[in-house]
Amino acid sequence: MKNFDPKYNDIPKTHLHVHLEGAIRTATIVGIAKEHGLDLPTYDVEELNPYVKVYEQWESLDEVLEAFRIAQMSIASSQVLERIAWEFFEDSARQNIKLLEVRFSPDWAFSGHDLDWDLALHGILSAKKKAEAQFGMAIGLIAITSRSMGVESCEKTVDWAIKHKDVIYGIDLADSEIQHPISEFVRPVLRAKDAGLGITIHSGEDTPASAVFDTIQAVGPERIGHGIHIIEDMSVVELVIERGITLEVNPWSNYLTNAVPTIESHPLKKLFDLGVRVTINSDDPQILETNLNNEYRIAHEILGMTLDEIKTCNRYAVEASFLPDAQKAAVIQELKI
Ligand SMILES: [Zn+2]
(Lines give C-alpha, C1' and ligand atoms only; values in the text may rest on other atoms or scores of the structure.)
Protein backbone atom coordinates (compact mmCIF):
# COMPACT_ATOMS: atom_id res chain seq x y z
CA MET A 1 0.00 0.00 0.00
CA LYS A 2 1.36 3.43 -0.88
CA ASN A 3 2.38 5.31 2.22
CA PHE A 4 3.27 8.95 2.70
CA ASP A 5 3.02 9.01 6.50
CA PRO A 6 5.39 11.81 7.65
CA LYS A 7 6.83 9.41 10.24
CA TYR A 8 8.44 7.51 7.36
CA ASN A 9 8.42 10.19 4.70
CA ASP A 10 10.74 12.43 6.74
CA ILE A 11 13.48 9.79 7.07
CA PRO A 12 16.15 10.39 4.42
CA LYS A 13 16.47 7.18 2.44
CA THR A 14 18.52 5.10 0.08
CA HIS A 15 17.10 2.77 -2.55
CA LEU A 16 19.34 0.18 -4.20
CA HIS A 17 16.92 -2.34 -5.68
CA VAL A 18 14.15 -1.03 -7.92
CA HIS A 19 13.19 -1.93 -11.49
CA LEU A 20 12.26 0.96 -13.77
CA GLU A 21 9.89 -1.33 -15.71
CA GLY A 22 7.95 -1.94 -12.48
CA ALA A 23 7.77 1.74 -11.57
CA ILE A 24 5.47 3.17 -14.25
CA ARG A 25 2.41 5.10 -13.03
CA THR A 26 -0.91 3.70 -14.27
CA ALA A 27 -2.02 7.14 -15.52
CA THR A 28 1.17 7.28 -17.58
CA ILE A 29 0.51 3.84 -19.09
CA VAL A 30 -2.91 5.14 -20.18
CA GLY A 31 -1.48 8.43 -21.50
CA ILE A 32 1.23 6.66 -23.52
CA ALA A 33 -1.27 4.17 -24.95
CA LYS A 34 -3.53 6.97 -26.13
CA GLU A 35 -0.65 8.94 -27.66
CA HIS A 36 0.84 5.93 -29.41
CA GLY A 37 -2.36 4.06 -30.32
CA LEU A 38 -1.51 1.05 -28.12
CA ASP A 39 -4.03 -1.60 -27.08
CA LEU A 40 -5.02 -1.75 -23.40
CA PRO A 41 -7.80 -3.75 -21.72
CA THR A 42 -9.29 -0.35 -20.69
CA TYR A 43 -8.23 3.30 -20.84
CA ASP A 44 -9.65 4.13 -17.42
CA VAL A 45 -6.95 4.34 -14.74
CA GLU A 46 -9.02 2.75 -11.94
CA GLU A 47 -10.23 -0.03 -14.22
CA LEU A 48 -6.71 -0.66 -15.53
CA ASN A 49 -5.13 -0.95 -12.07
CA PRO A 50 -6.12 -4.61 -11.54
CA TYR A 51 -4.35 -5.49 -14.82
CA VAL A 52 -1.12 -3.68 -13.98
CA LYS A 53 -0.88 -4.14 -10.22
CA VAL A 54 -0.64 -7.07 -7.86
CA TYR A 55 -2.58 -6.55 -4.65
CA GLU A 56 -2.68 -10.04 -3.15
CA GLN A 57 -0.20 -12.83 -2.60
CA TRP A 58 -0.19 -14.52 -5.99
CA GLU A 59 -1.00 -18.13 -6.79
CA SER A 60 1.18 -18.28 -9.89
CA LEU A 61 3.57 -16.15 -11.90
CA ASP A 62 0.97 -15.86 -14.69
CA GLU A 63 -0.90 -13.33 -12.58
CA VAL A 64 1.90 -10.82 -12.91
CA LEU A 65 3.00 -11.54 -16.47
CA GLU A 66 0.21 -9.38 -17.92
CA ALA A 67 1.38 -6.44 -15.79
CA PHE A 68 4.92 -6.79 -17.12
CA ARG A 69 3.70 -7.28 -20.71
CA ILE A 70 1.81 -3.98 -20.48
CA ALA A 71 4.85 -2.28 -18.93
CA GLN A 72 7.07 -3.53 -21.76
CA MET A 73 4.57 -2.38 -24.39
CA SER A 74 4.39 1.07 -22.77
CA ILE A 75 8.09 1.77 -23.37
CA ALA A 76 7.36 3.14 -26.83
CA SER A 77 10.19 5.62 -27.45
CA SER A 78 13.18 7.25 -25.78
CA GLN A 79 10.96 10.28 -25.00
CA VAL A 80 8.49 8.00 -23.24
CA LEU A 81 11.34 6.47 -21.29
CA GLU A 82 12.47 9.92 -20.24
CA ARG A 83 8.96 10.63 -18.95
CA ILE A 84 8.76 7.29 -17.09
CA ALA A 85 12.18 7.84 -15.49
CA TRP A 86 11.39 11.44 -14.57
CA GLU A 87 8.10 10.51 -12.90
CA PHE A 88 9.83 7.72 -11.01
CA PHE A 89 12.48 10.18 -9.78
CA GLU A 90 9.67 12.55 -8.74
CA ASP A 91 7.96 9.75 -6.80
CA SER A 92 11.30 8.94 -5.16
CA ALA A 93 12.02 12.56 -4.20
CA ARG A 94 8.59 12.73 -2.59
CA GLN A 95 9.70 10.00 -0.18
CA ASN A 96 12.96 11.80 0.65
CA ILE A 97 15.16 9.29 -1.18
CA LYS A 98 18.67 10.74 -1.41
CA LEU A 99 20.57 7.92 -3.07
CA LEU A 100 18.87 5.89 -5.75
CA GLU A 101 20.06 3.13 -8.03
CA VAL A 102 17.57 2.20 -10.71
CA ARG A 103 17.87 -0.89 -12.87
CA PHE A 104 16.37 -1.99 -16.16
CA SER A 105 16.81 -4.82 -18.63
CA PRO A 106 17.62 -3.21 -22.01
CA ASP A 107 17.16 -6.39 -24.04
CA TRP A 108 13.70 -6.87 -22.54
CA ALA A 109 12.46 -3.33 -21.84
CA PHE A 110 13.59 -1.83 -25.15
CA SER A 111 12.49 -4.76 -27.32
CA GLY A 112 8.71 -4.08 -27.19
CA HIS A 113 9.24 -1.27 -29.70
CA ASP A 114 12.72 -2.24 -30.90
CA LEU A 115 14.31 0.91 -29.46
CA ASP A 116 17.91 1.84 -30.12
CA TRP A 117 19.62 1.11 -26.78
CA ASP A 118 21.82 4.20 -26.85
CA LEU A 119 18.90 6.51 -27.66
CA ALA A 120 16.83 4.88 -24.91
CA LEU A 121 19.68 5.41 -22.46
CA HIS A 122 19.84 9.05 -23.54
CA GLY A 123 16.19 9.46 -22.48
CA ILE A 124 16.89 8.03 -19.02
CA LEU A 125 20.02 10.17 -18.65
CA SER A 126 18.12 13.37 -19.50
CA ALA A 127 15.62 12.62 -16.71
CA LYS A 128 18.46 11.71 -14.33
CA LYS A 129 20.32 14.95 -14.95
CA LYS A 130 17.21 17.02 -14.34
CA ALA A 131 16.27 15.05 -11.18
CA GLU A 132 19.78 15.27 -9.70
CA ALA A 133 19.72 19.04 -10.16
CA GLN A 134 16.15 19.59 -8.97
CA PHE A 135 15.93 17.08 -6.12
CA GLY A 136 19.54 16.89 -4.91
CA MET A 137 19.41 13.14 -5.37
CA ALA A 138 22.37 10.92 -6.31
CA ILE A 139 21.26 8.48 -9.03
CA GLY A 140 23.02 5.44 -10.48
CA LEU A 141 21.99 3.03 -13.25
CA ILE A 142 22.30 -0.76 -13.37
CA ALA A 143 21.82 -2.89 -16.51
CA ILE A 144 19.97 -6.17 -16.04
CA THR A 145 20.15 -9.38 -18.02
CA SER A 146 16.87 -11.29 -17.99
CA ARG A 147 18.12 -14.85 -17.49
CA SER A 148 15.41 -16.35 -19.73
CA MET A 149 16.79 -14.35 -22.67
CA GLY A 150 19.92 -16.48 -22.55
CA VAL A 151 23.67 -16.07 -22.35
CA GLU A 152 23.98 -14.23 -25.69
CA SER A 153 21.66 -11.53 -24.37
CA CYS A 154 23.82 -11.37 -21.24
CA GLU A 155 27.00 -10.97 -23.35
CA LYS A 156 25.32 -8.20 -25.36
CA THR A 157 24.10 -6.41 -22.20
CA VAL A 158 27.54 -6.65 -20.61
CA ASP A 159 29.23 -5.27 -23.77
CA TRP A 160 26.81 -2.37 -23.75
CA ALA A 161 27.18 -1.70 -20.03
CA ILE A 162 30.99 -1.70 -20.36
CA LYS A 163 30.74 0.73 -23.28
CA HIS A 164 28.70 3.05 -21.04
CA LYS A 165 30.46 2.39 -17.75
CA ASP A 166 30.80 6.12 -17.12
CA VAL A 167 27.01 6.16 -16.50
CA ILE A 168 26.10 2.49 -15.92
CA TYR A 169 27.71 1.39 -12.69
CA GLY A 170 26.70 -2.22 -12.37
CA ILE A 171 25.05 -5.28 -13.85
CA ASP A 172 22.45 -7.68 -12.50
CA LEU A 173 20.87 -10.99 -13.41
CA ALA A 174 17.12 -11.21 -12.88
CA ASP A 175 14.33 -13.60 -13.83
CA SER A 176 14.06 -17.36 -13.12
CA GLU A 177 17.07 -18.60 -11.18
CA ILE A 178 15.55 -22.08 -11.00
CA GLN A 179 15.47 -22.47 -14.79
CA HIS A 180 18.64 -20.51 -15.49
CA PRO A 181 21.23 -20.89 -12.69
CA ILE A 182 24.33 -18.73 -12.35
CA SER A 183 26.48 -21.40 -14.06
CA GLU A 184 25.08 -20.28 -17.46
CA PHE A 185 26.28 -16.70 -17.04
CA VAL A 186 29.66 -16.90 -15.32
CA ARG A 187 31.75 -15.74 -18.30
CA PRO A 188 29.90 -12.47 -19.08
CA VAL A 189 29.40 -11.61 -15.40
CA LEU A 190 33.13 -12.02 -14.70
CA ARG A 191 33.88 -9.96 -17.81
CA ALA A 192 31.74 -7.13 -16.37
CA LYS A 193 33.50 -7.49 -13.03
CA ASP A 194 36.95 -7.33 -14.66
CA ALA A 195 35.86 -4.14 -16.44
CA GLY A 196 35.15 -2.56 -13.04
CA LEU A 197 31.35 -2.77 -12.99
CA GLY A 198 29.55 -3.53 -9.74
CA ILE A 199 27.91 -6.96 -9.57
CA THR A 200 24.55 -7.68 -7.98
CA ILE A 201 22.63 -10.89 -8.67
CA HIS A 202 19.01 -11.82 -7.93
CA SER A 203 19.45 -15.02 -5.90
CA GLY A 204 17.80 -16.81 -3.01
CA GLU A 205 14.43 -15.21 -3.71
CA ASP A 206 12.44 -18.33 -4.62
CA THR A 207 15.51 -20.57 -4.42
CA PRO A 208 17.29 -22.12 -1.41
CA ALA A 209 20.41 -20.90 0.38
CA SER A 210 22.47 -23.22 -1.84
CA ALA A 211 21.67 -20.99 -4.87
CA VAL A 212 23.18 -18.01 -3.05
CA PHE A 213 26.20 -20.13 -2.11
CA ASP A 214 26.65 -21.13 -5.79
CA THR A 215 26.32 -17.49 -6.88
CA ILE A 216 28.96 -16.34 -4.40
CA GLN A 217 31.35 -19.11 -5.39
CA ALA A 218 30.84 -18.51 -9.11
CA VAL A 219 31.07 -14.73 -9.44
CA GLY A 220 31.76 -13.18 -6.01
CA PRO A 221 29.12 -10.41 -6.20
CA GLU A 222 29.25 -7.37 -3.91
CA ARG A 223 25.48 -7.54 -3.51
CA ILE A 224 22.67 -10.07 -3.75
CA GLY A 225 19.11 -9.18 -4.76
CA HIS A 226 16.80 -10.70 -2.11
CA GLY A 227 18.97 -13.55 -0.76
CA ILE A 228 16.52 -14.04 2.09
CA HIS A 229 16.59 -17.85 1.95
CA ILE A 230 20.13 -17.87 3.34
CA ILE A 231 18.33 -17.79 6.70
CA GLU A 232 17.77 -21.55 6.20
CA ASP A 233 21.50 -22.34 6.24
CA MET A 234 23.75 -20.71 8.84
CA SER A 235 26.90 -21.64 6.90
CA VAL A 236 25.70 -19.42 4.03
CA VAL A 237 24.73 -16.65 6.48
CA GLU A 238 28.29 -16.81 7.82
CA LEU A 239 29.75 -16.75 4.31
CA VAL A 240 27.69 -13.65 3.42
CA ILE A 241 28.84 -11.91 6.62
CA GLU A 242 32.47 -12.93 6.14
CA ARG A 243 32.54 -11.62 2.55
CA GLY A 244 30.74 -8.40 3.55
CA ILE A 245 28.05 -9.03 0.93
CA THR A 246 25.04 -6.71 1.10
CA LEU A 247 21.52 -8.07 0.64
CA GLU A 248 18.96 -5.94 -1.21
CA VAL A 249 15.82 -7.05 0.61
CA ASN A 250 12.29 -6.30 -0.66
CA PRO A 251 9.85 -7.36 2.09
CA TRP A 252 6.48 -6.72 0.43
CA SER A 253 7.63 -8.19 -2.88
CA ASN A 254 8.79 -11.31 -1.04
CA TYR A 255 5.34 -11.66 0.49
CA LEU A 256 3.43 -11.13 -2.77
CA THR A 257 5.57 -13.67 -4.66
CA ASN A 258 5.25 -16.26 -1.88
CA ALA A 259 8.98 -16.12 -1.17
CA VAL A 260 7.77 -15.88 2.44
CA PRO A 261 4.43 -17.36 3.57
CA THR A 262 3.36 -14.34 5.64
CA ILE A 263 4.76 -10.83 6.01
CA GLU A 264 5.19 -11.44 9.77
CA SER A 265 7.59 -14.31 9.04
CA HIS A 266 9.90 -12.23 6.84
CA PRO A 267 13.53 -12.75 7.98
CA LEU A 268 14.72 -9.13 7.44
CA LYS A 269 15.21 -8.39 11.14
CA LYS A 270 16.60 -11.85 11.91
CA LEU A 271 19.23 -11.38 9.22
CA PHE A 272 20.04 -7.89 10.54
CA ASP A 273 20.38 -9.24 14.09
CA LEU A 274 22.74 -11.95 12.88
CA GLY A 275 24.99 -9.26 11.42
CA VAL A 276 24.08 -9.50 7.73
CA ARG A 277 24.32 -6.18 5.86
CA VAL A 278 20.66 -5.93 4.84
CA THR A 279 19.10 -2.98 3.00
CA ILE A 280 15.42 -2.13 2.51
CA ASN A 281 14.00 -1.79 -0.99
CA SER A 282 10.75 -1.93 -2.96
CA ASP A 283 11.56 -3.96 -6.15
CA ASP A 284 8.63 -2.93 -8.43
CA PRO A 285 6.82 -0.16 -6.55
CA GLN A 286 4.00 0.49 -9.04
CA ILE A 287 3.29 -3.12 -10.03
CA LEU A 288 3.46 -4.27 -6.40
CA GLU A 289 1.53 -1.20 -5.16
CA THR A 290 4.16 -0.34 -2.57
CA ASN A 291 6.79 2.33 -2.00
CA LEU A 292 9.86 2.67 0.17
CA ASN A 293 7.87 4.34 2.96
CA ASN A 294 5.63 1.29 3.07
CA GLU A 295 8.65 -1.03 3.25
CA TYR A 296 9.98 1.04 6.18
CA ARG A 297 6.58 0.77 7.86
CA ILE A 298 6.69 -3.01 7.46
CA ALA A 299 10.26 -3.18 8.80
CA HIS A 300 9.38 -1.02 11.81
CA GLU A 301 5.78 -1.86 12.70
CA ILE A 302 5.50 -5.50 11.60
CA LEU A 303 9.05 -6.85 11.81
CA GLY A 304 10.09 -4.81 14.86
CA MET A 305 13.18 -3.01 13.60
CA THR A 306 13.91 0.24 15.43
CA LEU A 307 14.28 3.45 13.43
CA ASP A 308 17.97 3.44 14.42
CA GLU A 309 18.37 -0.04 12.98
CA ILE A 310 16.70 1.16 9.78
CA LYS A 311 19.20 4.03 9.71
CA THR A 312 21.99 1.45 9.90
CA CYS A 313 20.46 -0.28 6.85
CA ASN A 314 20.75 3.06 5.05
CA ARG A 315 24.43 3.22 5.93
CA TYR A 316 24.92 -0.32 4.63
CA ALA A 317 23.19 0.75 1.42
CA VAL A 318 25.40 3.79 0.85
CA GLU A 319 28.52 1.74 1.60
CA ALA A 320 27.43 -0.91 -0.91
CA SER A 321 26.28 1.56 -3.56
CA PHE A 322 27.96 1.41 -6.96
CA LEU A 323 28.01 5.21 -7.19
CA PRO A 324 31.38 7.02 -7.20
CA ASP A 325 32.97 7.43 -3.75
CA ALA A 326 32.72 11.24 -3.73
CA GLN A 327 28.93 11.08 -4.21
CA LYS A 328 28.62 8.39 -1.53
CA ALA A 329 30.63 10.48 0.94
CA ALA A 330 28.31 13.45 0.32
CA VAL A 331 25.24 11.28 1.01
CA ILE A 332 26.75 9.89 4.21
CA GLN A 333 27.30 13.46 5.41
CA GLU A 334 23.81 14.55 4.43
CA LEU A 335 22.14 11.53 6.06
CA LYS A 336 24.38 11.75 9.14
CA ILE A 337 24.85 7.97 9.12
ZN1 LIG B 1 14.20 -7.36 -8.35
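Where is the place of N258? It sits in the loop between α12 (251–256) and α13 (268–274).

1. **Ground rules.** This is a predicted model, in which local features need pLDDT of at least 70 and side-chain atom pairs count only at pLDDT 80 or more, while totals for chains, interfaces and linings use all residues. Residues are numbered from 1 along each chain as its sequence is written, and side-chain values use heavy atoms, with hydrogens and water left out. Helices (H or I, at least four residues) and strands (E, at least two) are DSSP runs, numbered from the N terminus.

2. **The zinc site.** Four protein donors hold the zinc ion: H17 (NE2), H19 (NE2), H202 (NE2) and D283 (OD), lying 2.1 to 2.2 Å from it. Donors here are N, O and S atoms within 2.8 Å of the metal (3.2 Å for Na, K and Ca), and since water is not among the atoms, sites may look incomplete. Along the sequence, the donor residues follow the spacing H-x1-H-x182-H-x80-D. H202 belongs to strand β5 (residues 198–203) and D283 to the loop between β8 (277–280) and α14 (292–302), so the pair ties together parts that are 81 residues apart in sequence.

3. **Its geometry and burial.** The four donor atoms subtend angles of 84 to 166 degrees around the zinc ion, which makes the arrangement irregular. For reference, four donors count as tetrahedral if all angles lie between 85 and 135 degrees; four count as square planar and six as octahedral if opposite donors are over 155 degrees apart and all others between 65 and 115; anything else is irregular. H202 is buried at 7% relative accessibility, and D283 is buried too, at 4%. Buried means under 20% relative accessible area, exposed over 50%, and partly exposed in between (1.4 Å probe, protein chains only).

4. **The cores.** The largest nonpolar core has 99 residues, and those with the most contacts inside it are L20, F89, F110, I230, V240, L247 and V278. Helix α5 (residues 78–94) gives the most to this core, with seven residues. A second, separate core of twelve residues includes L16, I142, V318 and V331. A nonpolar core is a set of buried Ala, Val, Leu, Ile, Met, Phe, Trp, Tyr and Cys residues joined through side-chain atoms within 4.5 Å. In soluble globular proteins, nonpolar side chains tend to be buried together.

5. **L20 up close.** Leaving out residues up to four places away in sequence, L20 touches L81, I84, A85, F88, V102, R103, F104 and I124. Contact means heavy atoms within 4.5 Å.

6. In α3 (residues 45–52), L48, N49 and V52 are buried. Looking down the axis, these buried residues fall within an arc of 120 degrees, so they line one face of the helix; the arc is that of the directions from the helix axis to the C-beta atoms. They pack against α2 (26–36) and α4 (62–74). On the other side, E46 and P50 are exposed. D44 caps the N-terminal end, with a side-chain oxygen 3.1 Å from the backbone nitrogen of E46.

7. S146, in strand β3 (residues 138–146), is buried at 10% relative accessibility. Its side chain makes a polar contact with the side chain of S105 (2.9 Å). A polar contact is a pair of N or O atoms within 3.5 Å; within protein, one must be able to donate a hydrogen and the other to accept it, and residues adjacent in sequence count only if both atoms are side-chain atoms. Beyond four places in sequence, S146 is in contact with S105, W108, A174 and D175. D175 lies in the loop between β4 (168–174) and α9 (186–194) and is partly exposed, at 40%.

8. **Positive phi, and back to N258.** Most residues other than glycine have a negative phi. D175, which is not a glycine, has a positive phi of about 85 degrees, and phi of N258 is near 65 degrees, also positive in a residue other than glycine. N258 is partly exposed, at 40% relative accessibility.

9. **W58.** This residue lies in the loop between α3 and α4 and is buried at 10% relative accessibility. Setting aside residues up to four places away, W58 touches E63, V64, L256, T257 and N258. W58 and Y255 are 197 residues apart in sequence and 9.0 Å apart in space, C-alpha to C-alpha.
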